[in-house]
Amino acid sequence: MITDLLLASTTHCWKPNNSNNHEPPLHSMILLMASIIVLVLHLFYFIVLGPDPQVYLINFSCYRPAETFKLSYKDLLKIGKERGKYSPEAQEFMKIICERAGIGSSAYAPKVAIGQQTPCMVEAWKEAKLVIFGAIDELLEKTMFMSTKNINFLILNSSLFSPTPSLSEMITNRYPMREDLKIYNLSGMGCSAGLISLDLASQLLKVHRNSYALIVSTENITHSGYYGNKRSMLIPNCIFRMGSAAILLSNSTADRGRAKYQLTNLVRTHTGASDDSYKCVSHEEDDSGYLGVALSKNLMLVAGEALKTNIMTLGPQVLPISEKLRFLTNLLGRKAFKMKISAYVPDFKLAFDHFCIHAGGRTILDEMEKSLKLNEWDMEPSRMTLYRFGNTSSSSLWYELAYTEEKGRIKKGDRIWQIAFGSGFKCNSVVWRALRNVEPQRRSPWVDEIDQFPVHVPEIIPV
């Protein structure tokens, strides 16, 4: 084929004439050389560079604090009472939420929450350094071949704590990094910000070849604590806990052999045009001037609509043709022929082998299990993560994936669906395909206690 193209270019550029000079004209030689150069460049592109690079997840880590940071609900309520911040009615409300949240007594909180320090910026910085550096250090131990100087992109997301200098700059101050490192610091995007960071990283890696991206997902409990008595703002105190995750991505084909997963699908949905969606999660002050996160009563309705929009986009990309036809037939019946039938919910277990649903709270997980027609085994990573670590915001998906790995469930070719919700309102999905059997890790937040799970989580856990 290449020979034919060269001959065609030569024939087109040089036709012999009747003169005694049989040398081809100068402009014909230039065109011939240009044609050869174009062909060489195309060959280089397809053979050496190839199509758009794939995004590989080499490894990740989830920080597990020391045992001294454990906070039971009993201690949480006791400390709140001793500080005199909360009214008796507020304490009783928090007690009810704690009993029904599905969180055990071993989740972790910073020193401010366990009553050892007073809330301030110094303590917020201490918590940030503890969880962020802890997650990165463990990731570097898992990827000994990797130097921080090889990282091309650093992306950090922390929704509520966004100080100056930024938390991403804090990382560059601690670890040796290259001078041309591209740094991004995402804030105010809620519990789904981890997947937004992943989307940003994947877009960068599709453009810049042979590159590495480090993502750090976290939240700051010290900075986001609420000390007033407004009910809608007391709930985050009861469900959020301390944690962080660090994820290393690559687009180099040389890393495929040591990578765990390959990114196959990523769908982001936002419904912020609606006032109800925009205002359902809000960082604000109450009437007494106390700052906190307020959750609206229609949060679950908003989340349900965002989920529906997200899976309407994701479904056609991942579902088998049989499920697509059933869904289309149902949709035509309801919309075109006005048939009084229930909307058909596709069987996503035909598309995915494992589910990592953001451990935002027991109510969210109950609704997701019902909406997606999942079973106890499917929901186990999310429910056990909520029970053991609480809601760690954007990092919770990685504690769930770590749980699935430690159980030895992930085999080569398996597909994993991560799905998260966040303020604004957002619903984001990511799909991974396992490149090999993933063996339990030497370093994991579950490593020394995985055999204790799953455990039964009662509807009400007495405080």
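I began with Glu-99, which I found in helix H4, the run of residues 88-100. This is a predicted model, and I read every entry below with that in mind. Glu-99 has a relative accessible area of 11%, and because buried means under 20%, I noted this residue as buried. Setting aside the neighbours within four places in sequence, I listed the contacts of Glu-99 as Glu-459, Ile-460, Ile-461, Pro-462 and Val-463. I also looked up Gln-262, which lies 163 residues from Glu-99 along the chain, and the C-alpha atoms of the two are separated by 39 Å.

Next I turned to Ser-72, which has its place in the loop between strand S1 (56-62) and helix H3 (73-83). Is Ser-72 buried or exposed? I wrote it down as buried, because its relative accessibility is 16%. From Ser-72 to Asn-150 I counted 78 residues in sequence, and the distance in space is 41 Å, C-alpha to C-alpha.

Then I stepped back to the whole protein. I noted 15 helices and eleven strands in its secondary structure, and the C-alpha atoms fill a box of roughly 110 × 65 × 45 Å along the principal axes. Of the 463 residues, 51% are buried, while the accessible surface comes to about 22,400 Å², with 56% of it belonging to carbon and sulfur atoms. Among contacts with a separation of 6 or more, I found that 79% come from residues 24 or more positions apart. For the charges I recorded 52 positive and 45 negative side chains, with the centres of the two sets 2 Å apart.

The aromatic rings came next, and the count is 16 aromatic pairs. One of them joins Phe-348 and Trp-417, a tilted pair with 5.1 Å from centre to centre and 35 degrees between the planes. Where in the chain do Phe-348 and Trp-417 lie? I placed Phe-348 in the loop between helix H12 (321-335) and strand S9 (354-357), and Trp-417 in strand S10 (residues 415-422), so that this pair links distant parts of the chain, 69 residues apart. Both Phe-348 and Trp-417 are buried. I also noted Phe-352 and Phe-355, an edge-to-face pair at 6.1 Å centre to centre with 85 degrees between the planes. Phe-352 counts as buried because its relative accessibility is 2%, and Phe-355 counts as buried at 3%. Elsewhere, ring pairs link Tyr-108, Phe-389, Tyr-399, Tyr-403, Trp-446 and Phe-453 into a cluster.

Two lysines over rings went into the notebook as well. Lys-85 lies over the face of Tyr-227, at 5.8 Å from the ring centre, and the charged end of Lys-142 sits over the ring of Phe-60, 5.8 Å from its centre.

The bond from Thr-164 to Pro-165 is cis, with omega near 0 degrees, and Pro-165 lies in the loop between strand S2 (153-158) and helix H6 (167-174). Gly-424 and Phe-425 are also joined by a cis peptide bond, with omega about 10 degrees, and I located Phe-425 in the loop between S10 and strand S11 (426-434). Asn-210 is not a glycine but has a positive phi of about 55 degrees; this residue lies in the loop between helix H7 (193-207) and strand S4 (212-218), and it counts as exposed because its relative accessibility is 58%.

Methods. Residues numbered from 1 in each chain as written. Predicted model: local features only at pLDDT ≥ 70, side-chain atom pairs only at ≥ 80, totals over all residues. Heavy atoms only, no water. Phe/Tyr/Trp six-rings, centres within 6.5 Å; stacked < 30°, edge-to-face > 60°. Helix = DSSP H or I, 4+ residues; strand = E, 2+ residues; numbered from the N terminus. Buried < 20%, exposed > 50% of the residue type's maximum accessible area, 1.4 Å probe, protein only. Lys NZ or Arg CZ within 6 Å of the ring centre and 35° of its normal. Contact = heavy atoms within 4.5 Å. Areas by Shrake-Rupley, 256 points an atom, 1.4 Å probe, with all protein chains shown as cover. Lys, Arg positive; Asp, Glu negative; His and termini not counted. Charge placed at Lys NZ, Arg CZ, Asp CG, Glu CD.
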